[in-house]
Amino acid sequence: MTVNPVSTNSTASLISPEIGFPAIDPTHPPLKLGVLASGSGSNFEVIAEAIQQGQLNAKIPVLIYNNPEAKAVARAEKYGIPSILLNHRDCKSREELDTKIVKTFQSHDVEWVVMAGWMRIVTKVLLDAFADKVINIHPSLLPSFPGIRAVEQALAAKVKITGCTVHLAHLEVDSGPILMQAAVPVLPDDTPETLHARIQVQEHKIMLGAIALIADRPPV
């Protein structure tokens with residue numbers, strides 16, 4: 001693993017690991033990923049594009065979104081991936097929503113769940129159904145700044161370096177074993193928008209890197 005040289009002109013990140021892809025083992029069947037998205041779906045599209053380009057030994061049988069206005073739906077259509085709306089407002093509890101999610105994913109033979117900008121707290125219903133097979137991405141170097149508004153938390157704390165983390169989701173919010181991280185320096189003139197934009201570049205890299213590592217594992 002190498003580190004990019006420091007450059008004050010970088011619009012990506014002054015410190016970021018170069019994430020490579022393991023060679024795809026043709027003896028391994030494609031990993032079936034169920035993706036959860038609430039908003040723009042940029043992380044979802046990065047995964048879908050990597051699969052289409054043959055960089056990831058995976059496929060996405062279905063996308064679930066909870067926000068009727070989510071732009072992730074249009075991205076799913078672009079790649080011919082079915083999308084299903086499960087509006088949390090129609091559910092009486094988080095557990096009811098997660099029960100619907102589990103049934104949907106199981107009906108599509110999903111093996112791993114990827115929360116790609118999923119803005120809902122998940123429950124034991126989902127985590128037990130896919131034990132240690134739920135991936136989350138968070139815009140900080142966990143365990144620092146868990147929860148909402150992580151970028152704003154980092155700016156308020158006046159840290160010099162923040163970043164992003166891909167981890168296995170556990171019941172406590174933004175907890176669980178870390179799979180991959182990338183560091184992003186905080187610049188003196190950063191705003192939440194500029195810092196988040198640079199973090200998101202690294203989110204895309206480590207999300208793909210983490211999935212690549214999982215997909216390369218021998219079938220259980």
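This is a predicted model: local features need pLDDT of at least 70, side-chain atom pairs count only at pLDDT 80 or more; totals for chains, interfaces and linings use all residues.
**Helix α5 and its surroundings**

The axes of helix α5 (residues 150-157) and helix α6 (residues 192-215) come within 10 Å of each other and cross at roughly 115 degrees. The crossing of α5 past α6 is right-handed.

Attention now turns to the buried part of α5. Ala150, Val151 and Ala154 are the buried residues in this helix. These residues lie on the same side of α5, because they cover an arc of only 105 degrees around its axis. An α-helix has 3.6 residues a turn, so residues three or four places apart point the same way. The cover over the buried residues of α5 includes α6, together with the strands β5 (134-138) and β6 (161-168).

The loops on either side of the helix remain to be described. In the loop between β5 and α5 lies proline 143, and the peptide bond that joins leucine 142 to proline 143 is cis, with omega near 15 degrees. Arginine 149 is found in the loop between β5 and α5 as well. Phi of arginine 149 is positive, near 55 degrees, although the residue is not glycine. Arginine 149 is exposed, with a relative accessible area of 56%.

After α5 comes lysine 158, which is placed in the loop between α5 and β6. Lysine 158, also a residue other than glycine, has a positive phi near 60 degrees. Its relative accessible area is 66%, and lysine 158 therefore counts as exposed, the threshold being over 50%.

Methods
Residues are numbered from 1 along each chain as its sequence is written. Side-chain values use heavy atoms; hydrogens and water are left out. Axes are lines fitted to C-alpha atoms, for helices over the stretch in contact, and angles run from 0 to 180 degrees between N-to-C directions. Helices (H or I, at least four residues) and strands (E, at least two) are DSSP runs, numbered from the N terminus. A crossing is left-handed if the near helix is turned anticlockwise from the far one by less than a right angle, and right-handed if clockwise. Buried means under 20% relative accessible area, exposed over 50%, partly exposed in between (1.4 Å probe, protein chains only). The arc is that of the directions from the helix axis to the C-beta atoms. Contact means heavy atoms within 4.5 Å.
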